[in-house]
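Student: I'd like to learn how to read strand pairing and helix packing. Can you walk me through it?

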Amino acid sequence: MELLDLSAVELGTAIREGKTTAVEAMEAVLAQIEQKESLYHCYVRVDREGALDRARAVQKKIDEKELSGPLAGVPVAVKDNLCTQGMATTCASRMLENFVPAYSAEAVRRLESAGAVLIGKTNMDEFAMGSTTETSAYGVTRNPRDPQYVPGGSSGGSAAAVAAKECFFALGSDTGGSIRQPASFCGVVGMKPTYGTVSRYGLVAYASSLDQIGPLCKTVEDCAVILEAIASHDEKDSTSLQRTDTDFTAGLVQDVEGMRIGIPRDYFGEGLDGEVREAVLKAAGVLKDRGAVLEEFDLSLVDYAIPTYYTIAAAEASSNLERFDGIKYGYRAQAQELHQMYKTTRSQGFGPEVKRRIMLGSFVLSSGYYDAYYLKALKVKAMIKGAFDRAFEKYDCILGPAAPATAPRLGESLADPLKMYLGDIYTVSANLAGLPGICIPCGTDSRGLPIGLQLLGDCFQEKKLIRAAYTYEQSCRE
Amino acid sequence: MADKITDETIEYVGILAKLELAGEEKEQAKKEMGRMLDYIDQLNRLDTSGVEPMSHVFPVQNVFREDVVTNGDGSDAALANAPEEKNGMFVVPKTFA
Amino acid sequence: MSKEYETVIGLEVHVELATATKIFCGCSTAFGGRPNTHTCPVCTGMPGSLPVLNKKVLEYAVGVGLATNCEITRYCKFDRKNYFYPDNPQNYQISQLYLPICQNGWVEIDTPQGPRKIGIHEIHMEEDAGKLVHDSWEDVSLVDYNRSGVPLIEIVSQPDMRSAEEVIAYLEKLRLIIQYLGASDCKLEEGSMRADVNLSVREKGSDQLGTRTEMKNLSSFRAIARAIEGEKNRQIDLLEAGKTVVQETRRWDEAKEDSYAMRSKEDAQDYRYFPDPDLAPICISDEFLEEIRAGQPEFRTEKMKRYREEFDIPDYDIEIITASKHMADLFEASMALGAAPKKVSNWLMGETLRLLKEKGQGPEEIRFSPEHLTGLIDLTERRIINSTVAKEVFEVMFEKDIDPAGYVAEKGLGMVSDEDALLAAVKEVIEANPQSVQDYQNGKEKAIGFLVGQTMKAMKGKADPGRVNELLKELL
């Protein structure tokens with residue numbers, strides 16, 4: 001048994017059955033990290049000693065039958081914008097280089113009480129702003145499928161760690177595609193659940209109305225199991241939903257007979273890479289063969305999603321990131337005068353992409369521009385939500401690519417931010433409308449780079465997505 | 001529309017956001033912000049009259065806590081990451097004239 | 001001054017609500033405590049922390065809104081007010097701009113020209129800031145977040161007031177309503193009630209508003225009155241000199257009795273308000289509103305009416321007693337303990353007011369309990385102490401809220417009921433004062449007063465003067 005090839009669920013089973021232990025699994029992961037990390041740089045922090053201690057403690061609980069869940073003993077990597085008690089949480093920013101939270105994110109806490117064992121913190125775009133993991137203050141992460149390419153972002157470290165077998169699964173966050181797009185680029189499974197399904201408590205906010213935490217993992221089964229573990233109603237998060245339908249593993253059924261799948265023509269138009277198009281449509285064909293009813297339709301408003309998204313996200317970010325001022329935690333520049341201290345601290349502590357979005361966000365909220373930009377974007381958001389509502393009257397899910405192309409080469413993207421933003425065209429709408437979305441691998445291009453298939457569902461319909469994704473995944477294995 | 005981003009705009013937004021951009025960085029910011037706003041301006045092609053702005057996606061309402069003290073002494077945790085501390089307080093450049 | 005001017009004043013009143021916990025977290029709002037002890041990730045703006053609204057804050061805000069004749073906004077939201085300052089840990093304050101909880105209300109004040117309605121533009125909920133302390137050793141400032149996140153309501157009036165007297169009448173009216181609700185103790189000096197004054201002047205008869213200024217840092221009625229006077233004159237002087245008033249925020253310096261503009265290039269006054277995405281909107285149902293309405297206390301007008309019907313005390317007393325929630329509570333608690341209305345009222349109108357005035361205190365600062373006041377009345381009723389001793393005991397009770405019965409026993413202040421001892425004393429006084437005895441027996445009735453006094457002196461004041469009088473008459 002090659003431990004590192006097991007999925008999270010398979011590893012959990014092996015540990016429960018006594019075929020291996022949490023400690024052996026952690027040792028295997030740490031050895032893999034030792035070997036691969038210098039090349040891929042998935043992590044900003046690996047807590048070797050702590051990870052082994054935690055693995056031993058969890059194994060003891062497993063032995064004493066205190067822990068028996070599917071994730072007990074399984075090593076997990078966590079994106080560095082999720083607070084981890086006693087372990088530095090930097091958001092890959094100089095601004096938070098030595099910030100050690102006194103509390104853990106609710107999602108992390110839930111995973112730990114399910115017995116998952118924290119390895120360390122994964123690299124990301126600074127404050128989750130970026131699509132390539134190149135805006136990290138701590139160096140780029142490389143795509144394990146081909147190290148000349150980016151892993152995507154902003155949860156690039158998490159996706160790469162899964163792909164490089166440097167963990168068994170990882171947590172990421174998705175504000176405009178930050179789980180689904182790196183999953184697509186790295187050839188792993190990633191899911192953003194319905195807004196409010198996973199508590200945001202302890203997630204360092206980028207854009208509060210859009211941020212959701214979700215899994216990056218090897219299989220659809222893992223995805224359902226992890227989501228089931230982290231979904232919860234949390235009284236600490238006012239936007240957390242009280243759902244009674246979080247038995248996501250019930251969706252692990254190979255059956256799409258009669259499932260109505262909409263294929264938006266506007267997702268397959270100009271700008272979509274030919275190989276990606278072909279792979280995604282081929283995947284649709286697999287579902288059709290399994291009995292799904294495919295239909296092309298016009299979603300509408302697709303071109304408006306990105307300007308709407310960047311306006312809202314930048315506005316919220318400009319406010320959310322005001323707290324980084326050099327007073328309570330993190331980086332501080334020395335200055336005699338208060339406002340000079342603020343300015344120097346923030347100008348030195350934040351990287352260019354973060355500053356860009358803060359400037360844009362402050363501008364669109366400023367006196368004289370609020371109505372023209374921010375309010376306008378909130379109205380278009382309502383219209384986009386309306387377009388999805390109409391689509392889901394007809395379809396169980398919407399199928400399309402996760403990104404217009406496969407991973408770009410390292411160093412190609414940051415020179416032209418607007419062009420980079422356009423790459424989010426298929427993912428941002430789900431965040432604006434609060435919808436769940438899953439990305440699963442559906443082949444590779446001629447360079448061998450993974451292509452991702454994205455399925456979007458109506459709010460609360462994660463199980464339909466899991467069912468379709470699981471059916472596709474299993475069909476490909478046959 | 002990009003012409004609305006002048007040096008003054010960058011300076012004004014810098015005051016609001018407490019960011020100081022100079023030289024090349026400032027020129028870059030001016031250019032990029034102008035481009036981005038031009039791009040966002042395409043939203044104006046959409047007629048949104050009569051559309052209610054949507055700030056929250058879900059009709060989640062009335063989320064409250066009871067008025068019961070649940071937290072104890074939080075000073076150690078509050079100050080643990082402080083760049084500069086004195087007498088159990090955070091130190092800042094003087095705020096009084 | 002050639003022209004006649006009119007002053008136009010509107011007020012922004014911040015009131016700290018009397019909740020046990022902060023507005024968005026479970027930290028205590030108690031005063032005191034070492035710096036930063038009443039803090040958590042939420043009220044220190046730690047990354048990843050999230051606010052959750054304290055229900056009591058909403059209840060108080062709606063209560064104040066109903067009591068000030070406001071419309072309650074059925075769908076309301078919180079907004080973020082963005083500005084950088086160290087007392088504000090997130091560098092945005094969670095407040096309400098677009099949909100405040102209460103709108104379009106009014107309260108009535110008494111003026112020399114009769115009652116007048118002062119309009120209330122809106123009441124909104126928000127969080128208080130932390131405290132900045134100057135450290136002169138190192139010439140830096142220190143931040144304490146214990147007050148950060150303490151709930152406030154801000155009551156914004158219409159520009160309906162024309163004089164300092166009206167402003168003070170309005171503030172007193174608000175204070176009484178809020179104290180009756182139990183929503184706050186409204187102490188200006190301690191900052192649980194804070195008033196910012198928006199003032200402009202215009203030529204009398206004009207219906208245009210002049211340019212206004214906002215005056216901050218007013219921590220007493222006296223400061224408010226002086227600041228209004230000072231700012232009115234400053235603006236008139238400017239206009240008379242052909243200059244213009246600049247719209248600005250000014251800080252009142254009570255020691256110098258002067259104000260200065262708070263201007264800074266870094267203070268753009270562009271707060272970029274937008275709906276807080278971390279908080280769910282609030283929907284006020286009919287049931288919720290009815291619940292709050294049903295829970296509203298008896299306000300002053302109703303209370304005065306009831307007192308007139310239930311208690312045989314003068315209207316003047318009723319007015320004084322109900323002018324303070326604390327005094328009215330004290331009065332009613334004493335009634336519940338079975339004390340006679342007139343006796344209680346006498347103590348309140350007489351000695352209590354006298355001592356308050358002497359010490360420069362307000363009725364809210366009365367410290368003695370209804371149990372002890374009732375106890376004192378009982379001691380006099382049962383003739384255990386006489387009225388002179390009662391006043392002495394009351395003074396101590398006023399200061400320290402001692403138990404009068406215990407105090408009287410401990411200090412041996414009770415009247416001597418031992419008839420033999422009294423008789424002996426009376427006899428001694430008769431023997432020692434033959435001239436007075438002679439005078440009395442010759443028909444000079446007044447002489448007996450001297451003998452009573454001598455006996456009381458001999459008894460160290462602890463005798464019932466009535467009984468002494470009786471005994472003297474019997475023996476003579």
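Tutor: Start with the definition: two strands pair if DSSP finds at least two bridges between them. Helices (H or I, at least four residues) and strands (E, at least two) are DSSP runs, numbered from the N terminus. Here, S1 (residues 5-16) and S11 (residues 151-157) of chain C pair in the antiparallel sense over 5 bridges. Within S11(C), Ile153(C) is the bridge partner of Val15(C).

A word on the source: this is a predicted model, where local features need pLDDT of at least 70, side-chain atom pairs count only at pLDDT 80 or more, and totals for chains, interfaces and linings use all residues. Residues are numbered from 1 along each chain as its sequence is written, with chains lettered from A and ligands numbered from 1 in the order in which they are written.

Student: In what order do the 9 strands of the open sheet in chain C run?

Tutor: The order is S3-S7-S8-S11-S1-S12-S13-S14-S15, with mixed pairing. S3 (71-72) and S15 (258-261) of chain C are at the edges with a single partner strand each, so one side of each has no neighbour in the sheet.

Student: And at what angle do H7 and H15 of chain A pack?

Tutor: Axes are lines fitted to C-alpha atoms, for helices over the stretch in contact, and angles run from 0 to 180 degrees between N-to-C directions. H7 (residues 220-230) and H15 (residues 462-477) of chain A pack at about 155°, their axes 9 Å apart. That makes H7(A) roughly antiparallel to H15(A), a label for angles over 145 degrees.

Terms used: Parallel < 35°, antiparallel > 145°, perpendicular 65-115°, else oblique.
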